[in-house]
Amino acid sequence: MDDSTPLLSRSEMDFIREGCHQNCRVDGRGRDEYRGYRIVTEGSMSHEDNSSTSNPPLILSNGSARLFEAARHAHEDVSLHMLCSVKAEVVHPSALHPAQGAMELHVESLTSSGPNSQRRKTQDELEATLSKLLMRDLVDLEALCIVPYHYVWRLHVDLFVLTAGSSHGSLCDAASHVIRAALQCTRLPAITSSTATANESHNGLAKASFRNKNPLFPHGGVELMVDGDLAVASPPPGVNQAPIIVSVTVLANSEVLRRTPVSAVSVAPVLILDATPDEEACAVAQVHVAIDRSDGSNPLITALHQSRQGSLPLNVLTDVCAIALQGAMSAEAAYVIRPGRNDLGLLQEQFLFQ
Amino acid sequence: MSHDTISPSSSSSSVKHLVIPGQILAVSSLSDPNGQDSFLRGHGTYVEKTETEDRLVASVLGIVQRVNKLVSVESVSDGVYVGQVGDLVVGRITSVTSQRWKVRLIPHARDAALPLSGVHLPGGVQRMRTAQDSRDMRSYLQEGDLVSAEVHKTQQDGSLLLHTRSVRYGKLENGCIVTVPPKLIPRRKNHFTTILNQQFQVLWGCNGVIWMQRAMPDLEATGGPELVELQERRRVEHASMPLSPEERRNLARLRNAIECLRLVFCRVTQEAVEQVYETSLALNLNVSQMLVPVNVIRLTEPSRKAEG
């Protein structure tokens with residue numbers, strides 16, 4: 001057992017497994033119930049009315065979002081708190097994919113508790129899992145191309161886990177939501193390219209001239225015009241198809257069998273959503289399912305990833321997928337995206353109103 | 001050089017002063033020993049002596065409390081548990097060594113020790129501990145197990161020695177824990193209570209760990225060795241009998257009631273917990289709905305009013 005899993009007694013594990021089996025977990029949730037989360041993004045999605053446009057969590061990023069647990073105490077660091085920043089820059093494309101934009105994901109865990117090695121491990125794990133599951137589908141990389149062979153957008157997605165708290169179990173799920181929210185409020189300025197060399201300045205257009213240094217095209221001078229007007233800036237294309245991750249935790253049933261009459265028990269393993277660390281400690285396996293819900297009635301599984309060592313029979317995998325597809329709907333409801341002015345805990349906000 | 005001080009005479013009780021370590025709270029000049037500006041040093045402060053005056057300096061970040069001349073600083077950090085002899089605590093075994101168990105009372109702090117001589121041997125016999133006993137330690141309590149114990153001794157360096165030499169203490173099974181800041185659990189005469197119509201047994205650990213389980217049948221024995229055996233049998237019976245879905249839901253409701261109080265930083269007492277529990281029933285709230293922020297606010301309203 002590694003450091004990151006909490007130490008539990010055998011009795012507690014039995015208690016948790018039985019609870020999941022009886023559809024009443026330790027905190028009273030059903031098997032497929034989510035805890036509440038809040039995501040705070042930029043003020044308004046449309047920039048027409050300036051009154052509701054307010055500070056995003058990070059003003060120097062092209063897009064940012066902050067996530068925390070709905071029920072949290074303002075002064076404690078036991079609840080989940082994440083921050084995601086998206087920065088965009090114009091770069092030369094790689095030689096391999098000259099007509100594709102680029103995207104980079106970086107995860108940093110800033111949780112104060114626990115040894116350093118453990119923190120780095122969870123950080124690397126999260127980064128690897130998210131990259132595997134999400135990177136291909138977050139945005140339409142081809143549409144991030146400005147001028148093939150010359151200029152493309154590169155998006156830097158930085159995810160900070162400020163406090164992981166009691167829910168570090170479902171970091172992947174939360175991370176996928178906060179990344180998606182940040183990307184959705186990202187604005188890329190409109191860029192037009194021309195090969196003209198004229199130097200006069202247009203009205204309202206900031207003109208930037210990037211001389212092409214690509215040795216392959218010594219004569220191909222391309223000029224970019226960056227439109228500074230936010231009204232024509234658009235989110236990265238394809239972001240509405242960004243998948244979310246639903247982690248399904250698989251609990252063994254053998255322990256349940258040991259303690260209850262055999263007839264009363266179905267032999268299939270117990271599957272739960274939005275697991276707590278304690279529940280993860282009892283799990284044999286965990287499957288992260290990336291789901292694209294852009295087509296509301298017809299969700300699409302875009303990727304699967306299994307973590308933990310436990311083996312998983314193939315027929316369980318179909319159950320897992322079914323649960324994950326159902327869970328994707330309730331996940332949408334559990335992660336409330338709210339354009340907000342502040343990043344206070346919800347409880348604190350409630351008090352301020354009183 | 002002028003210091004921003006809060007002199008004992010001028011600080012009014014209605015204003016809460018937040019001070020940082022190193023901040024001077026009061027100054028009394030030595031030239032006038034009977035002066036009005038003398039003070040008594042309370043906890044969270046220390047005295048700095050200079051040639052002309054004594055200065056009372058805060059040693060922790062917190063709020064100044066003053067009772068007549070006694071000035072103390074109540075720390076705002078709530079994670080600190082300072083053990084006192086006789087405290088009931090709930091902890092988790094982290095390691096087993098040759099003569100003692102290490103028990104974690106609060107995370108990221110030094111573990112307390114439970115010596116082999118501090119536990120009842122199975123069967124309740126009183127005798128010297130043998131080498132065989134120390135080999136069998138793991139069969140009695142192993143890593144990860146939860147125990148209730150009493151603080152037996154506080155040592156010079158602040159670490160604690162525990163004992164479980166009573167039928168009420170020992171391994172905890174078939175229930176769940178909630179951890180709250182230790183500050184929220186007031187010291188009471190009785191930390192082992194049966195609440196809500198004898199439904200649950202709750203251990204209010206002074207270290208902030210609350211253990212709850214469904215109530216075992218009453219133990220009305222007269223004492224003697226058979227009591228110990230009876231108790232042991234009951235314990236095993238309780239541990240091996242799974243909870244019914246109904247019992248489990250009620251236990252989860254109790255857990256969430258405590259969680260509600262933790263979220264709003266209210267004292268977690270039997271009365272407050274019972275109140276939240278009953279209110280949640282009266283409002284017809286689903287167990288998992290209790291932790292929705294709006295409901296947390298609604299449920300804990302009386303408790304928050306009571307604390308001001």
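The model is a predicted one. Chain A contains seven helices and 14 strands, and buried residues make up 49% of its 354 residues. Among the contacts in chain A with a separation of 6 or more, 77% are between residues 24 or more positions apart.

- Four strands of chain A form an open sheet in the order β11-β10-β12-β13, and the pairing is antiparallel. The edge strands of this sheet are β11 (270-273) and β13 (300-307) of chain A, each of which pairs on one side only, and the twist from one strand to the next averages 25°.
- Within the sheet, strand β10 (residues 244-251) of chain A is joined by eight bridges to strand β12 (residues 283-292) of chain A, the two running antiparallel. In this pairing A:V250 stands opposite A:A285, a residue of β12(A).
- Helix α2 (residues 116-134) of chain A packs on the sheet, where it touches β10, β12 and β13 of chain A, and its direction makes about 155° with that of β13(A).
- Helix α6 (residues 314-334) of chain A lies across β10, β11, β12 and β13 of chain A and runs at about 130° to β10(A).

**Strand β6 of chain A and its partners**

- Strand β6 (residues 151-163) of chain A runs antiparallel to strand β3 (residues 81-91) of chain A, to which 11 bridges join it; the bridge partner of A:L83 in β6(A) is A:F160.
- With strand β4 (residues 102-109) of chain A, β6(A) pairs in the parallel sense over eight bridges, and here A:L105 stands opposite A:V157 in β6(A).
- Strand β5 (residues 145-147) of chain A is joined to β6(A) by two bridges, and these strands run antiparallel, with A:V147 opposite A:Y151.
- β5(A) and β6(A) also form a hairpin with three residues between them, and A:Y149 in its turn has a positive phi of about 70°.

- Strand β14 (residues 176-179) of chain B has a covered face made by B:C176 and B:V178, whereas B:I177 and B:T179 belong to the uncovered one.
- β14(B) pairs in the antiparallel sense with strand β17 (residues 209-214) of chain B over four bridges, and B:T179 stands opposite B:V209 in β17(B).
- On the surface, B:L18, B:I20, B:L61 and B:V76 form a nonpolar patch that has about 350 Å² of accessible area together. One of these residues, B:L18, lies in strand β1 (residues 18-19) of chain B and counts as exposed because its relative accessibility is 56%.

- A:D274 has a positive phi of about 50° although it is not a glycine. A:D274 is found in the loop between β11 and α5 (277-281) of chain A and is buried, with a relative accessible area of 0%.
- B:N284, also a residue other than glycine, has a positive phi near 60°. B:N284 is placed in the loop between α5 (270-282) and α6 (293-299) of chain B, and is exposed, with a relative accessible area of 68%.

**Salt bridges**

- Over all chains, the count comes to 23 salt bridges.
- The side chains of B:R214 and B:E247 meet in a salt bridge at 3.6 Å, N to O. This pair links distant parts of the chain, since B:R214 is in strand β17 of chain B and B:E247 is in helix α4 (residues 245-263) of chain B, 33 residues apart. B:R214 is buried at a relative accessible area of 7%, while B:E247 is partly exposed at 29%.
- B:R249 forms a salt bridge with B:E246, and their closest N and O atoms are 3.8 Å apart. Both residues lie in helix α4 of chain B, three residues apart, about one turn of the helix. B:R249 is partly exposed, with a relative accessible area of 36%, and B:E246 is partly exposed as well, at 47%.
- B:E259 forms a salt bridge with B:R262, the closest N and O atoms being 2.8 Å apart. Because they are three residues apart in helix α4 of chain B, B:E259 and B:R262 are separated by about one helical turn. B:E259 counts as buried at 12% relative accessibility, and B:R262 counts as buried at 10%.
- In chain A, salt bridges that share partners join A:D27, A:R29, A:R35 and A:D274 into one network.

Methods
Residues numbered from 1 in each chain as written. Chains lettered and ligands numbered in written order. Predicted model: local features only at pLDDT ≥ 70, side-chain atom pairs only at ≥ 80, totals over all residues. Heavy atoms only, no water. Patch = residues over 30% accessible without salt bridge, like charges linked within 9 Å, V, L, I, M, F, W, Y side chains within 5 Å. Areas by Shrake-Rupley, 256 points an atom, 1.4 Å probe, with all protein chains shown as cover. Salt bridge = Lys/Arg side-chain N within 4 Å of Asp/Glu carboxyl O. Buried < 20%, exposed > 50% of the residue type's maximum accessible area, 1.4 Å probe, protein only. Pairing = 2+ DSSP bridges. Axes fitted to C-alpha atoms, helices over the stretch in contact; angles between N-to-C directions. Contact = heavy atoms within 4.5 Å.
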